[in-house]
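The exercises below concern side-chain contacts and accessibility. Work each one from the coordinates before reading its solution.

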Amino acid sequence: RSPLCLLCTTVPVSGGAECEFGVVDMPVRTMLKGLLTSTTRKLVAEFMGTFLLVLTVGCNVQAARTDAGTGVFAALSIGSLLMVMIYALGPISGGHFNPAVTLACLCSGKCTVVDAILYALTQILAGIVGSLSFGALYGNGIPFGPNRVQLAMFMWYQVLAVELLFTAMLCFVVLNTACVKKPNQYFGLAIGFVIVSGGNAGGWISGGAFNPAVSLGLDVSDLSSVAGSFGWSLSYIAAQALGSLVAAALFYVVRPEEFGVDVAADSWRAWAARLTSEFVGTFMLVLTVGLNVLESQVNADDPLNEAAVLGIAATLMSMIFAIGPVSGGHLNPAVTVAIFASGRGLVSRTALGWYCLTQLVAGFCGAWVYTFICDWRVFELGPYGDFSWGGVTAAEFAYTLVLVFVVLSCATVRNGAHTADTFALAIGFSIVAGGYSVGHISGAALNPAVAFGIDVSQALVGGSFWKSLPYSAIHMLASVAAAVLFWVTHEDEYEDGAEAETAGGKEREMSERREGA
């Protein structure tokens, strides 16, 4: 019990009044309450979230420097912190914790100029304080930027390309899940798992900052060391800012209704939104697959390889959460074919053709980009080890069927209340199931666009191009089998619809008879 009661809910009329606990409530409390304006609360929330984020990044990096095995789930640890703080503080400030996110929100009309400036300054200050905190804890800072090994393998523009692409992905997912008018419960999960995606895919190239506050904070932390240097953060921040602008531009294309633009269902704007969504999602998926697999080839002993499948699944999950309401989030020709084959009119013949073409083009572009970033290193499709094409056929068929069936059952049913906020989580973790189960047999492509992209990368460096053809045939057979199983197991998706249509026709007929009478 303190004479300055700051926790009770009683607001004194005048100084010296007693609160409900019998504690004298001094005028200081009233003064402090007056200082806690809406803006102050927002800035405190942004400082807290950014500080804890940078502290978590620093502690994970420091732990991995002493014991490489602890770095296996570093990206998951950092992404988890971001996720829980977004859920905790999102209702207060929006949960940006990142100047690049704030810039994207400003460009999309989701925050004011004054708030953006105050947010960015607060986040940068919190990043510096967080870096000094883990520096004091461990007794040394962290050299920021690509290390000697990375600079021996990559050029500066390849390093910055990773920062640009995954910062753009992060901001794009934030805008499409946390800044849209229609509320949802999965926004924090989707945003946090972008860090899992980018950290595992690009961390071995650039370090995986994707946040100017993290970049500047880590760069400042090393100034106190004997060999301390400063400067890479400025290049990183430029790439991250450009990534946020790319995300804002894409958000305008895929969500015109968020900017007050009325879009008819079959207008060119609607088709542009759907096809852009499919392109962006499939592109990031193939890019993530390529970077993860190439990392395992370049650094065979790197423990991060153990979390590669989780990173790929995180990409699929986050992108489906982001663009699912726009295009359905297929990102896979086998999924599009299965939804068409399920016979419920959810995908027209026109959409079938355009979706599949867009996904394959995105697979090509994603493969070209990861090949370029990794200095024209490539890998090929299976079979791997001692397995034959029979093993590839069984592996790809089984887990493509799992993936497609989960999509049909969770994301396309009429009564989807049970998966309204978890549909992409179920789809993403189908990749976890298949990747860890049969990745060593066939690579667990489970997607013709992924197989096509991998084959294209081989052709770009003068290799052969043919394995994606049998892979894609297997995937398409599995998609048709999944559609048949969906028809068998989800009878209500067909009969109830027919009954409802019949009942509607009878009701209209009776109404017309009543009006005639």
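**Exercise 1.** Which residues do ring pairs link into a cluster?

Solution. The model is a predicted one. Ring pairs join W156, Y157, W368, F372 and W376 into a cluster. W368 and W376 also belong to a nonpolar surface patch, together with F364, L460 and V461. The accessible area of this patch is about 440 Å² in total. One of its members, L460, is located in helix α17, residues 448–460. L460 is classed as partly exposed because its relative accessibility is 35%, and the limits for that class are 20% and 50%.

**Exercise 2.** Classify the ring pair Y186 and F423, and state where each residue lies.

Solution. For Y186 and F423, the centres are 6.0 Å apart and the planes stand at 90°, so the pair is edge-to-face. This pair links distant parts of the chain: Y186 is in the loop between α7 (156–178) and α8 (187–206), F423 is in helix α16 (residues 423–442), and they are 237 residues apart. Y186 is buried at 8% relative accessible area, and F423 is buried at 13%.

**Exercise 3.** Are the planes of F279 and F283 stacked or edge-to-face?

Solution. The ring centres of F279 and F283 are 6.1 Å apart. Their planes make an angle of 10°, so the pair is stacked. Both residues are in helix α11 (residues 268–298), and because they are four residues apart, about one helical turn separates them. F279 is partly exposed, with 29% relative accessible area, whereas F283 is buried at 11%.

**Exercise 4.** Which ring does the charged end of R274 sit over?

Solution. The charged end of R274 sits over the ring of W271, at 5.0 Å from the ring centre.

**Exercise 5.** Find the contacts of the S442 side chain, and decide whether S442 is buried or exposed.

Solution. S442 is in helix α16. Its relative accessibility is 0%, so S442 is buried. The S442 side chain makes a polar contact with the side chain of E396 at 2.6 Å. The S442 side chain also reaches the backbone nitrogen of A444, at 3.2 Å.

**Exercise 6.** How many salt bridges does the structure have by the distance rule, and what do they connect?

Solution. Oppositely charged side chains can pair when their charged atoms come close. With a limit of 4 Å between nitrogen and carboxyl oxygen, the count is four salt bridges. Three of them are taken in turn here.

- D115 pairs with K42, with the closest N and O atoms 3.9 Å apart. D115 is in helix α5 (residues 113–138) and K42 in helix α2 (residues 38–66), so the bridge ties together parts 73 residues apart in sequence. D115 is buried at 18% relative accessibility, while K42 is partly exposed at 22%.
- E258 pairs with K110, with the closest N and O atoms 2.9 Å apart. E258 lies in the loop between α10 (232–254) and α11, K110 in the loop between α4 (99–107) and α5, and the two are 148 residues apart. E258 is buried at 11%, and K110 is partly exposed at 28%.
- K467 pairs with E380, with the closest N and O atoms 3.5 Å apart. K467 is in the loop between α17 and α18 (468–489), E380 in the loop between α14 (349–373) and α15 (389–411), 87 residues apart. K467 is buried at 13%, and E380 is partly exposed at 41%.

Conventions:
Residues numbered from 1 in each chain as written. Predicted model: local features only at pLDDT ≥ 70, side-chain atom pairs only at ≥ 80, totals over all residues. Heavy atoms only, no water. Patch = residues over 30% accessible without salt bridge, like charges linked within 9 Å, V, L, I, M, F, W, Y side chains within 5 Å. Areas by Shrake-Rupley, 256 points an atom, 1.4 Å probe, with all protein chains shown as cover. Salt bridge = Lys/Arg side-chain N within 4 Å of Asp/Glu carboxyl O. Buried < 20%, exposed > 50% of the residue type's maximum accessible area, 1.4 Å probe, protein only. Phe/Tyr/Trp six-rings, centres within 6.5 Å; stacked < 30°, edge-to-face > 60°. Lys NZ or Arg CZ within 6 Å of the ring centre and 35° of its normal. Polar contact = N/O pair within 3.5 Å; in protein donor to acceptor, adjacent residues only side chain to side chain.
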